[in-house]
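Please have the sequence and the model in view.

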Amino acid sequence: MIMLIIIGVLTFLFVLMLIFSATSYNRMIKTYTKYDDEFVYCNLTGFEFAVYAIKKLNLKTRVALIEKELDECYIPSKDVVCISQHTANIKSVSSICITAHELGHAVQNKKQSGLFVLQACLTWLGKISMFLFPFMIISGIVLLFVPNRFDLGIVLLLVAIGMLMVIFLLKIFTIPMEMEASKIAYNFLKENNILIGEELKHGKKVLDAAIGTYIASLFMPILKFFRGFGRLFRR
């Protein structure tokens, strides 16, 4: 009876996290859109802020412009911050905060933060696991119903679970790294008066909303798998 209660509670929490994952991106978009219309008194675009911050932080980081909005990232192997054309050209709380967050990763790379180094080592393993996971789990399930292949099916399912754990491990280490990058960004914005007063409060909301998506991303591979699996049956 106790075991059933524990399983029930874990299942309930798992479903809640799936719901949180499915809705977190929309919440982030809502926050981003709200403060993307808020003009900043520092009167800097995302690109102008990046140039200022790179010089102020004594970084050698380069800035690259990309087309897709909200696809900003930092490429440690090239020490390049990628920001969208929109973010680069807009003077808003959101554009400043998004750029500051990615520059936070550049600071981590320069200092060779322990979390940053560990996450970089796990990235390639996570990409391989993400690619192979759907094939392994589908093959395992199919082989369970094939005569004399049940044991092989179990092995493939166990391998798939192992890959899922690798993905989770990568995501778990990503969360504190992203939190640290946002903290670096917030402190820089505050100490250099880039954002002041209400702007700073709103900026923290943007940075926190972004972190929420990383926490939710723990369950995104599962959601993507089941969505893809569901589409197969609708055809």
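## Cysteines

The structure holds zero disulfides. The model is a predicted one.

A disulfide needs the two sulfur atoms within 2.5 Å. Seen from C82, the closest cysteine sulfur is that of C73, again 4.0 Å away.

C73 is partly exposed, at 30% relative accessible area. C82 is buried, at 8% relative accessibility.

## Aromatic pairs

Three aromatic pairs are present in the structure. One of them joins F49 and F188: the ring centres lie 6.1 Å apart and the planes meet at 65°, so the pair is edge-to-face. The edge-to-face class takes planes over 60 degrees apart. This pair links distant parts of the chain, with F49 in helix α2 (residues 46-56) and F188 in helix α6 (residues 150-191), 139 residues apart. F49 and F188 are both buried.

Y52 also pairs with F188. Their ring centres are 6.3 Å apart and their planes are at 55°, so this pair is tilted. Y52 belongs to helix α2 and F188 to helix α6, so the contact ties together parts 136 residues apart in sequence.

## The cluster

F49, Y52 and F188 make up one aromatic cluster. F188 is buried, with a relative accessible area of 9%.

How values were computed:
Residues are numbered from 1 along each chain as its sequence is written. This is a predicted model: local features need pLDDT of at least 70, side-chain atom pairs count only at pLDDT 80 or more; totals for chains, interfaces and linings use all residues. Side-chain values use heavy atoms; hydrogens and water are left out. Rings of Phe, Tyr and Trp (its six-membered ring) pair if their centres lie within 6.5 Å; planes under 30 degrees apart count as stacked, over 60 as edge-to-face and the rest as tilted. Helices (H or I, at least four residues) and strands (E, at least two) are DSSP runs, numbered from the N terminus. Buried means under 20% relative accessible area, exposed over 50%, partly exposed in between (1.4 Å probe, protein chains only).
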